[in-house]
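Here's a quick briefing on a ligand site and the pockets that go with this structure. Have a look at the model first, then work through the points below.

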Amino acid sequence: MEVGLTHIYCGNGKGKTTTAFGLAMRAAGRSKKILIAQFLKNNDSGERNSAALLRNITLLPCPENIKFTFDMNDQEKKDMAVYCKGLLDRAFFMAEQDAYDMLILDEVLPAVDSGIIERQTLVDLIINKPSTMELILTGRCEDKSLYNYADYVSEINDIKHPYSNGITARIGIEK
Ligand code: ATP
Ligand code: MG
């Protein structure tokens with residue numbers, strides 16, 4: 001049995017979520033079983049629509065509507081913390097129970113940075129993950145201490161992004 005490693009894709013440049021879904025596509029092409037959970041996102045994206053077409057990728061559902069964390073009041077943050085903890089626990093439970101080869105936790109790192117997910121909760125899950133399962137964590141994060149728990153760490157730098165020229169998110173490219 002091969003050992004499963006942990007990846008972090010972070011930084012302010014474009015390419016974290018698309019890297020994670022690219023890995024899912026590559027692994028699916030080798031008959032691996034992939035489980036994807038996305039945090040603080042809704043169900044509406046091109047990458048989810050595509051992943052749903054591949055039979056060995058399983059997507060855990062997202063809420064229909066989601067606010068930015070800085071727009072949430074205290075109660076909404078508490079409710080979201082409970083929701084995200086439930087999603088995280090469900091993802092690791094399913095991954096172990098159903099012997100997934102790869103678990104992707106997209107945007108889990110900003111959820112830790114904003115205090116929605118407790119850092120130690122995620123650390124414990126990383127340390128105790130199934131030994132053969134590949135684990136992928138993505139998102140912008142200030143907390144570099146999580147790098148200690150990963151085997152691959154890629155910071156994607158924002159050298160240029162057309163957003164600064166007023167080009168907003170385009171369907172099929174950003175969403
Ligand atoms: P992608 O989903 O395209 O791989 P990402 O996961 O690296 O992007 P996020 O931090 O999740 O980027 O950003 C959410 C949205 O903002 C995405 O639509 C993304 O394309 C876009 N984005 C990424 N980097 C930048 C940037 N430097 N400036 C403006 N928008 C960005
Ligand atoms: Mg992303």
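Around ligand 1 there are 13 residues, and Lys14, Lys16, Thr18, Glu107 and Arg140 come nearest (near means a heavy atom within 4 Å). This is a predicted model, where local features need pLDDT of at least 70, side-chain atom pairs count only at pLDDT 80 or more, and totals for chains, interfaces and linings use all residues. Residues are numbered from 1 along each chain as its sequence is written, chains are lettered from A and ligands numbered from 1 in written order, and side-chain values use heavy atoms, with hydrogens and water left out.

**Ligand 1 and its shell**

- The shell splits into six charged, six polar and one nonpolar residue (Ala, Val, Leu, Ile, Met, Phe, Trp, Tyr, Cys and Pro are nonpolar; Asp, Glu, Lys and Arg are charged; the others, Gly among them, are polar).
- Lys16 puts a side-chain N or O atom 2.7 Å from an oxygen atom of ligand 1, a polar contact being a pair of N or O atoms within 3.5 Å.
- Thr17 uses its backbone instead, with a polar atom there 2.9 Å from an oxygen atom of ligand 1.
- For His161, a side-chain N or O atom lies 3.4 Å from a nitrogen atom of ligand 1.
- Taken alone, ligand 1 exposes 570 Å², and the protein buries 80% of that (Shrake-Rupley areas, 1.4 Å probe).

**The largest pocket**

- Ligand 1 sits in the largest pocket, in the sense that more than half of its atoms lie within 2 Å of the pocket's grid points.
- A pocket here is an open set of points on a 1 Å grid over the protein atoms alone, where a 1.4 Å probe fits, with protein on both sides within 12 Å along at least five of seven lines; lining residues have an atom within 4 Å of a point.
- The space in the largest pocket comes to about 1,500 Å³, counted as what probe spheres set on the points fill.
- Its lining has 41 residues, with Thr17, Lys41, Glu47, Glu107 and Glu174 nearest the centre.
- By class, that lining holds 15 polar, 14 nonpolar and twelve charged residues.

Conventions:
A polar contact is a pair of N or O atoms within 3.5 Å; within protein, one must be able to donate a hydrogen and the other to accept it, and residues adjacent in sequence count only if both atoms are side-chain atoms.
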